[in-house]
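Please read the points below with the structure open beside you. They are written for a reader who is new to this kind of description.

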Amino acid sequence: MFSDDQLNEIIVEAENVPSRVVPEKTPVNSSFSMVSSISDIDMTDSQSFGNPDDKKSKQLLRFSTSLNESFLQTLHRSPGSVGIDTSHENIQGQKLIASLIPMTSRDRIKAIRSQPRTMEEKRNLKKMVDKEKSKQSHRILEFNCCAQCLNSVSQAYRRSKNSLSELLSYISLWQKTFKVIGGKFGTSVLSYFNFLRWLLKFNIFSFIVTFSFIIIPQFTVPEKNTLQFTGLEFFTGAGYFQDTVMYYGFYTNSTVQHGSSGAPYNMQLAYIFTTGACLIVCFFSLLFSMARYFRNNFINPHIYSRGITKLIFCWDFTVTHERAVKLKQKNLSTEIRENLSEIRQENVKLTLNQQLIHVSAHLAAWVVSTGVAIACCVAVYYLAENNSEFLKNHQNPGAVLLLPFLVSCINLATPRLYSLFRLVERYETPRREVYVLLIRNIFLKISIIGILCYYWLNIVAQAGEECWETLIGQEIYRLLLMDFVFSLADSLLGEFLRRLIGMQFPTSLGLQEFDIARNVLELIYAQTLVWIGTFFCPLLPFIQMITLFIMFYVKNISLMMNFQPPSKAWRASQMMTFFIFLLFFPSFTGVLCTLAITIWRLKPSADCGPFRGLPFFIHSIYSWIDTLSKRPGYLWVVWIYQNLIGSVHFFFILTLIVLIITYLYWQITEGRKIMIRLLHEQIINEGKDKMFLIEKLAKLQDMEKRANTSSFTVERRDVEQTSPLHVREHNAAHDLRFRRSVQEENPKV
């Protein structure tokens, strides 16, 4: 057998040999010779195509016969004429080329060789076929290249996505620590640390945005700081820090532009738009997180055997390390205890007298807690109102810490007083107790922040003091720092002393349990101050980021050393949803109201800050819109502002749509919960039916066994009553047959 290249060389050499077919003939003779050669085509085909049983040879034979038939038809169409229709020839030529292209090189050469054509026609036919095949191969190659490129791009995207998810899970903050906490203390304590990490990511984003669009442009404007650094600024926030990028008053109101060709950068617009963008992103992030946690955790059907199924069917056999196996066992045991406690608590039913006692205890506790909160708010308002006179009479730089110190003392002592109410209320479920403590603490802390905001916006801002925005920023910085110091002292000293007292002196106290409500409210209180103070102190997200990072390790160490796992295990899958809801309302909504009053109703300082000289902060937006209205290319921005952002009706309609969607989503959730409960009841009823059928089947089997045993005993009695003579005859016959068989085998015997 020859290769394709060898066959091509043979054909080229054969084409150079003088042919016996004379090309220079008259049309009649050429046609006659072609017709006469038709009878020889079959012989040529059979010789050239080899074995007729071969599949490929049969295809070529069919091709040659069809070609001869079509050629004869073209000749018989006009027997009296010599020429052939040109259009029909073109169609037949296209069909011939199309039929030759799919063949292999060897089969194509054989088919062209068997054609009743001259050498020149065969040579042209071969060139045309090669040309068309190269075009098709080029198109196929382009299509294959595009498909391969798309396939490679999709594969690269999937690989990069998987690798990115693996990288994020690998570099996720404190992932191993979270597993240890969840395995030892359960999901209820773990929810606090999850919330702390979520707030840390939030502040990292706010700091990156603020640093990129406000602080870096201000660094390009050189301004000298003439104040001396003493170190006391870390506690008071005043002094040297007053003339730095830390506070509002340091920022310029001019347009930053480097060179005549550089783009202008308006600091007023950058300041207000950056703050607004951070708040908008926070708003949608809170909504998205709340909806996601609500969908994943709040729709909580009655999962009675989740931990057991995990223990039996969902064990990860790839975990081989001893510490990892122990940690996995702790997690499973904790989940089983939580599920069993949920079942036990749902089955608890109180009598009428017990219910009356509990209701009266709850009402008394609510009255006392509300009275304590009102008293604390009055004390904070009195201290804030007399704070300015106190600072005028005391020139000591540390005097400014009095108000933050007293507020932090109230925030530390009052929640502990609320925690003592559990001895009287005695809630059936720990979750309800945590919810009640959260509501009481949030009422206290948000009321204190509201009173402080009233003091800042109505007394400090209206006092006519120079750069009142910086003064408010310093107050918020001191409150945040003092709250951090008190939290550290409580974790490192208070909880440690409580452990020593509980372990050594009255043994009945024992180790304390982690107070989730109090610790979560500390985070919400600090984050609310950060949101309010970002406008007056742009570096507050960075400060909060550092404090949260430190607090995580402090709380983790204190948790492992000074606390015991909850005595009543309970699943806290809904806690993150409730935490984010409290952070959204009333915390974030109160921040929006405070900043809206500041921007729309207060007059900025005349000698400091980026908005100096304006009647209101919002006038920077008004002047920018007026400038854009004079430019035809930016009229769409003006339309968006006038019809959407500046329209009250738009926000009213948007709020109405959000409420409708929330109501529909709530109804869908309630319907799913009802359906889950009905399906669970159906499963229980089907189980009862199966047990009933199994009992009936067992009874029937017992009855059949009894009937069989009775019949067997009857037959046995009948056998025993037969005559012994028959038995003897049967034995004698058996002995006789045995003797005969032995004699046949051994005749000598």
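The numbered points go from the whole chain to a helix pair, then to salt bridges and one histidine.

1. This is a predicted model, in which local features need pLDDT of at least 70 and side-chain atom pairs count only at pLDDT 80 or more, whereas totals for chains, interfaces and linings use all residues. Residues are numbered from 1 along each chain as its sequence is written, and side-chain values use heavy atoms, with hydrogens and water left out.

2. The chain holds 25 helices and four strands, where helices (H or I, at least four residues) and strands (E, at least two) are DSSP runs numbered from the N terminus. Of its 749 residues, 35% count as buried; buried means under 20% relative accessible area, exposed over 50%, and partly exposed in between, with a 1.4 Å probe and protein chains only.

3. Among contacts with a separation of 6 or more, 76% come from residues 24 or more positions apart, a contact being heavy atoms within 4.5 Å.

4. How are helix H8 and helix H20 oriented where they pack? Helix H8 (residues 175-219) packs against helix H20 (residues 540-562) at an angle of about 170°, and their axes are 8 Å apart; the axes are lines fitted to C-alpha atoms, for helices over the stretch in contact, and angles run from 0 to 180 degrees between N-to-C directions. H8 is therefore roughly antiparallel to H20, given that angles under 35 degrees count as roughly parallel, over 145 as roughly antiparallel, 65 to 115 as roughly perpendicular and the rest as oblique. The contact of H8 with H20 has 20 nonpolar, five polar and two charged residues, where Ala, Val, Leu, Ile, Met, Phe, Trp, Tyr, Cys and Pro count as nonpolar, Asp, Glu, Lys and Arg as charged, and the others, Gly among them, as polar.

5. A search of the whole structure finds ten salt bridges, each defined as a side-chain nitrogen of Lys or Arg within 4 Å of a carboxyl oxygen of Asp or Glu. One of them joins Asp-490 and Arg-416, with the closest N and O atoms 2.2 Å apart. Asp-490 lies in helix H18 (residues 468-504) and Arg-416 in helix H15 (residues 402-420), so this pair ties together parts that are 74 residues apart in sequence. Asp-490 counts as buried at 7% relative accessibility, whereas Arg-416, at 34%, counts as partly exposed.

6. In another salt bridge, between Glu-522 and Arg-518, the closest N and O atoms are 3.7 Å apart. Both residues lie in helix H19 (residues 516-533), four residues apart, which is about one turn of the helix. Glu-522 is buried at 10% relative accessibility, and Arg-518 is buried at 6%. Salt bridges that share partners join Arg-416, Asp-490, Asp-515, Arg-518 and Glu-522 into one network.

7. Leaving aside residues up to four places away in sequence, His-362 touches Glu-425, Tyr-427 and Arg-440.
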